[in-house]
Amino acid sequence: MIRVTERRNLEIKLRCEDLVAARARAMVFGARDAGVLLQRDTFFGAPRGRLKLREMPEKSELIFYERPDIAGTRLSRFRLVPVPDATALREALAASMGIRGEVKKRRELLLWKNVRIHLDEVEDLGRFVEFEAVLSDDDIAGAQADLDRLAGAMGIDGNLAIPGAYADLLGF
C-alpha cells in the first residue's frame, strides 16, 4: 500500500548563467554531490495547483503542488506518488485533463543540510539554481536563514528570482 502524505518546503528559483561557479562555491560551503538527473515533466490541466508527471530513467512520479507565484522565497505544499507505468498514466491524464506542456531539463543535485540544491539546464530556457529547504517542522524562519546563507555563499543574486514554474516561463 502506498501512503501519500503532504510535504512542505521553502523554495526559491533564480536565474544563474554560471552553474560551474555556483557548483564550486556550494561544494566549498559544504554541499555534497548527489548526482545528475535527466527529467521530463509533463504538466496537465489541473483545476487547482499544478499536476505534473516527472519521468526519469530510474523512476517516475506524479507530483501535485501548490505554491504562490511570487519572485522570491515561497512555501510549497506537495504530494509525490510513485508511478510504475508512466506512459499509461500520461495517456490517461492527457485524455481526461489535457496536456499544458512539457519541460525537459538536466538537473545536477547537491545536498546541504536539509536543502536540495538544483543546478538546472532547462531546454529552451537556460540555466537556473533552485533551492528547496525541506520542512520537517514549522521553522520557516530557520529555513529562510539557511537559504539566505547558502545563496550568499554561492554568490547568487536574490534579485534574479523568478515567479512560477519553468512551465510558466515557457508560456503554458
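**Reading salt bridges**

Me: Arg-67 is buried, with a relative accessible area of 14% (buried means under 20%, exposed over 50% and partly exposed in between, using a 1.4 Å probe and protein chains only). Which residue's side chain does that of Arg-67 meet in a salt bridge?

Reply: This is a predicted model, in which local features need pLDDT of at least 70 and side-chain atom pairs count only at pLDDT 80 or more, whereas totals for chains, interfaces and linings use all residues. Residues are numbered from 1 along each chain as its sequence is written, and side-chain values use heavy atoms, with hydrogens and water left out. Side chains of opposite charge can pair when their charged atoms come close. Here the partner of Arg-67 is Glu-11, with N to O at 2.4 Å (a salt bridge is a side-chain nitrogen of Lys or Arg within 4 Å of a carboxyl oxygen of Asp or Glu). The two are 56 residues apart, with Glu-11 in strand β1 and Arg-67 in the loop between β4 and β5 (helices, H or I of at least four residues, and strands, E of at least two, are DSSP runs numbered from the N terminus). Glu-11 is buried as well, at 2% relative accessibility.

Me: Where in the chain do Asp-146 and Lys-113 lie?

Reply: These residues form a salt bridge whose closest N and O atoms are 3.1 Å apart. Asp-146 belongs to helix α3 (residues 140-154) and Lys-113 to the loop between β6 and β7, so the pair ties together parts 33 residues apart in sequence. Asp-146 is buried at 12%, whereas Lys-113 is exposed at 55%.

Me: Which residues are linked in a network of salt bridges?

Reply: Lys-13, Arg-107, Asp-120 and Glu-130 are linked in this way, and the count of salt bridges comes to 24.
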